[in-house]
Amino acid sequence: MANTRIFAEPLPIGRDPASVRRRVEAVEKVMEGLFVIPGINRRVGLDVILDLLPFAGSSIAAAVGAWMVWEARNIGMSKTQIARMFGNVGVDWALGMIPWVGAIPDFFFRSNTRNLRIIKRHLDRHYPASVTLDG
């Protein structure tokens, strides 16, 4: 009989680098890659969907992005990296504030993916034991 688990294992709640990595990877997947649009093979997530709600959607997505930056601060990332990440969130928020049309630039400017890349680079350099292999 095949493995029919519906729910994946829960996300860790620790403050260690491996737990932080798993949480920010999970949030990035929800925000930027819930499903693939057939025909163009482009991932879309909650970030683009939220931009269809004028003003509130972009602000909610920015709050989630700010949480990722807060997680980065907790693992000791530099102020320069934190500022760059907040800049990504700010650009994403500003583009999303354009009612209904804001989803189009957000489709291409993926602040959460950019910020995840910055976090992973930091974790790989300073906490190599936290590296996970994608299967």
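What share of the contacts in the chain with a separation of 6 or more comes from residues 24 or more positions apart? The share is 60%, where contact means heavy atoms within 4.5 Å.

## Model and confidence

This is a predicted model, in which local features need pLDDT of at least 70, side-chain atom pairs count only at pLDDT 80 or more, and totals for chains, interfaces and linings use all residues. Residues are numbered from 1 along each chain as its sequence is written, and side-chain values use heavy atoms, with hydrogens and water left out.

The chain has a mean pLDDT (the predictor's confidence in each residue, from 0 to 100) of 88, with 91% of its residues at 70 or more.

## Secondary structure

There are 6 helices and 2 strands in the chain. These are DSSP runs, numbered from the N terminus: H or I of at least four residues for helices, E of at least two for strands. Their order along the sequence is α-β-β-α-α-α-α-α.

## Dimensions and burial

The C-alpha trace spans about 50 × 45 × 25 Å along its principal axes.

Of the 135 residues, 39% are buried, meaning under 20% relative accessible area (1.4 Å probe, protein chains only).

Methods: Buried means under 20% relative accessible area, exposed over 50%, partly exposed in between (1.4 Å probe, protein chains only).
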